[in-house]
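Good morning, and thank you for coming. Please turn to the structure on the screen, and I shall take you through two parts of it.

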Amino acid sequence: MSLSRRQFVQVFGAAAAVLGTGALAGCNSDPAASGSGDASSKVEAIKSRGKLNCGVKADVLGYGYLNTETGEYEGLEIDLCYQIAAAVFGVSYEEAKEQGLCEFTTVTPKTRGPLIDNDSLDIVCATYTITDERLEDWDFSDPYRVDHVGVMIMKSSGMEKLADLDGKLIGVSQGSTTKDAVTAAVAEEGVELTDGNFNEYPDYPSINSALESGNIDAFAMDRSTLNTYMNDQKELLEPEVEFGEQEYGIATKKGSDLSEVVNDKVNELLDNGWLEEEATTWNLL
Amino acid sequence: MEIFTPANVSFIMQGFLKTIEISILAIIFSVILGTVLALVKQYCTGKLSIFKWLVSAYIELFRCTPNLLWILFIYFTVKGNDIFISVLAFTIFTSAVMAEIIRGGLNSIPKSQFEAAQSQGFGFFASMRLIILPQTFKTIIPALFSQCTTVIKDSSYLAGINVAEFMFSAKVVMGYTSDLSQVLLLYGFVFALYFVLNFGISLIVRAYQRRVVAA
Amino acid sequence: MLEGLFDPRRWEITLSSMEGFWEGFAFTLQVVIAGLALSLVLGTVLGVFSTTRSRILRGISRVYVEFFQNTPLPVQVFFYYMAGPRVLQAILGAPSPVRLSSFAIGALGVGLYHAAYISEVIRTGIEAVPRGQMEAALSQGFTRVQAYIYIILPQTFKVILPPLCNQALNLVKNTSVLALIAGGDLMYNADNFVSTYGYLQGYIMACVLYFIICFPLALLVQWLEKRSKKRPRAKTIPGIAPEPAKEA
């Protein structure tokens with residue numbers, strides 16, 4: 001059983017609290033949430049906990065990928081998390097990796113923001129695009145990678161250019177910025193897409209299966225993600241047209257002292273060329 | 001491409017174990033919380049009836065809204081690992097159902113049992129614990145177990161929040177293949193395992209009922 | 001997170017983007033009505049099957065009920081969604097996968113699933129009617145089908161109405177499974193809203209809207225249960241306490 005006795009008590013305590021205080025207030029009363037006083041200093045809280053809680057992708061080859069054979073996360077973003085952990089705990093990158101100072105949790109576009117809000121995660125490093133709206137709710141580091149949106153289709157579909165998406169059904173991920181990027185790019189070709197052209201799914205495997213099964217005509221997402229699902233029956237629609245620039249940043253809770261630490265580290269890694277090296281290591285160029 | 005590789009199968013089976021683990025824990029907690037709720041709704045009268053109303057509101061709220069909604073809500077508001085979150089979410093809405101089942105059981109116990117217990121000097125809690133509740137649980141075992149089946153089945157809603165339970169693991173593996181026959185085979189496998197588990201439970205219940213009827 | 005629930009700015013944005021919720025609400029209602037109709041018809045047929053003397057019909061009903069009651073609805077719905085189009089393509093020989101609308105998948109999904117439960121409800125109801133009723137009907141020249149329609153099934157109403165309404169309630173809740181396959185229902189729209197803005201207000205609104213549909217049903221179940229317990233007494237004094245009109 002992966003529930004410790006403490007968690008057993010927590011489940012029951014939280015459930016009982018719901019009973020006592022009404023459903024909504026109850027959700028707030030996770031005993032672990034109170035008492036740690038982490039509102040004052042995020043960095044101190046992480047230090048005393050001894051682990052950095054990181055939200056990462058599990059299904060983006062080269063960025064954040066959960067290897068089902070080893071059960072380990074791997075990719076550029078995973079290494080980046082260890083770099084951040086090294087900065088927070090004041091150890092070297094190698095030490096951070098060796099001591100396993102990061103606790104990884106799989107996130108999806110939909111779950112990224114809320115999990116920072118409720119303090120489940122300290123940082124989210126998960127192909128998270130910086131946008132103006134998101135900057136209102138969370139802090140972002142400077143971008144550590146730039147990617148573009150791609151549109152994946154079945155070769156058998158006979159589509160050749162972006163304008164062919166007219167009247168087609170496109171699968172995108174919930175809570176991502178892809179929908180707007182595709183709409184804008186296709187609009188430049190003189191074709192208008194509406195909300196009715198998009199289906200939003202909770203996770204990537206679902207979108208991929210929907211494409212394979214013929215429920216949707218195209219799977220639009222960052223190219224890094226599409227890469228995971230590419231095979232010889234699928235192709236990118238007009239890969240030479242680059243649109244929907246996606247600047248990935250590391251997200252942290254708004255106004256926390258952690259944000260500065262993270263941003264300094266990212267800039268340091270950009271300056272000393274580590275990020276570029278990593279991109280080569282993971283074949284991202 | 002062949003998807004029933006050892007790595008994939010063990011990945012899916014880990015999901016299956018997680019489904020079972022979550023279900024068992026959720027059921028245990030729901031029975032405990034459900035009993036408390038049922039007792040409050042049944043016996044908190046007079047000055048204490050405010051609690052009775054609170055419990056009724058709780059039960060109606062969770063009875064009238066989809067489980068998926070609460071799974072998502074808990075996921076976004078409570079922190080913890082995926083098992084903790086799943087068990088908490090399931091406990092919260094399953095206990096509402098359990099409370100109604102247990103109350104049904106309490107109602108079926110003749111009043112005379114209560115009076116007899118009191119005449120023998122048992123207090124409220126003692127008579128509950130030693131006399132009323134054991135009989136109650138005996139009568140509601142079939143309903144209790146059919147609720148277990150419901151929990152096991154509904155745990156597949158957790159695939160919506162990326163908990164790597166059975167359904168989600170199968171979905172991930174399904175992403176590796178485009179071959180229709182492999183996809184169908186995989187669905188067959190998923191259906192078969194859920195079926196064996198749930199049908200097994202219902203066979204046990206039937207055997208139990210037969211024994212009770214025979215006795 | 002929860003302090004965000006009291007943020008007036010977030011509430012303002014939520015309340016000004018309610019069109020999606022209402023669309024989803026209307027869609028969910030449509031799926032509920034179609035699903036309910038399907039499950040009632042199919043459930044009644046299967047329920048009657050399970051009480052006939054024909055072994056084959058009983059077998060069909062048994063297998064159907066066991067399969068649908070013992071496998072999860074989300075898996076069934078995923079199956080229709082992911083395998084359906086290509087299976088249909090193979091069957092119909094169409095040039096490209098035959099897409100099923102999410103309305104069809106929703107109605108089919110909850111309809112077939114709840115038909116299994118309704119079939120059990122009907123079966124219990126029929127078994128509660130004394131056997132002599134069927135024999136009496138046959139002796140009066142009714143065919144078996146007529147006997148079921150005019151004599152047996154009407155008598156089961158009292159017993160089956162509460163559990164039937166309960167099934168309707170569960171059916172409403174279960175339509176939320178469509179959110180997992182981008183089905184456009186209320187849950188899907190609420191979930192998309194929360195995903196886009198990260199505001200939990202979306203779930204609260206969905207909660208309220210589901211409650212609006214389900215709570216009257218829950219009250220109906222309670223009322224029917226009370227009524228079904230009361231009725232025998234009323235019957236013993238005909239003329240004095242006239243039977244209430246049938247509402248359902």
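I begin in chain C, with the contact between two helices. On one side, in H5(C), stand C:Val110, C:Tyr113, C:His114, C:Tyr117, C:Ile118, C:Val121, C:Ile122, C:Gly125, C:Ile126 and C:Ala128. They meet C:Ile152, C:Thr156, C:Val159, C:Ile160, C:Pro163, C:Leu164, C:Gln167, C:Leu171 and C:Asn174 in H7(C). Sorted by class, this contact of H5(C) with H7(C) comprises 14 nonpolar residues, five polar ones and no charged ones. Please keep in mind that the model is predicted.

How are these helices arranged? H5 covers residues 102-128 of chain C and H7 covers residues 144-174 of chain C; their axes lie 8 Å apart, at an angle of about 155 degrees. Because angles over 145 degrees count as roughly antiparallel, H5(C) is roughly antiparallel to H7(C). The crossing of H5(C) and H7(C) is right-handed.

I now turn to chain A and its strand S1, residues 52-56. Is S1(A) mostly covered or mostly uncovered? It is mostly covered, with five of its five residues buried. In a regular strand, side chains alternate between the two faces of the sheet. In S1(A), A:Leu52, A:Cys54 and A:Val56 are buried on one side, and A:Asn53 and A:Gly55 are buried on the other.

Which strands pair with S1(A)? One is S5(A), residues 102-106, which runs parallel to S1(A) and is joined to it by five bridges. Here A:Cys54 stands opposite A:Phe104. Another is S6(A), residues 123-124, which pairs with S1(A) in the parallel sense over two bridges. In S6(A), A:Val124 is the bridge partner of A:Gly55.

Technical notes. Residues numbered from 1 in each chain as written. Chains lettered and ligands numbered in written order. Predicted model: local features only at pLDDT ≥ 70, side-chain atom pairs only at ≥ 80, totals over all residues. Axes fitted to C-alpha atoms, helices over the stretch in contact; angles between N-to-C directions. Helix = DSSP H or I, 4+ residues; strand = E, 2+ residues; numbered from the N terminus. Parallel < 35°, antiparallel > 145°, perpendicular 65-115°, else oblique. Left-handed = near helix turned anticlockwise from the far one by under 90°. Contact = placed C-beta atoms within 7 Å. Nonpolar A, V, L, I, M, F, W, Y, C, P; charged D, E, K, R; others polar. Buried ≥ 20, exposed ≤ 12 C-beta atoms within 10 Å, placed from the backbone. Pairing = 2+ DSSP bridges.
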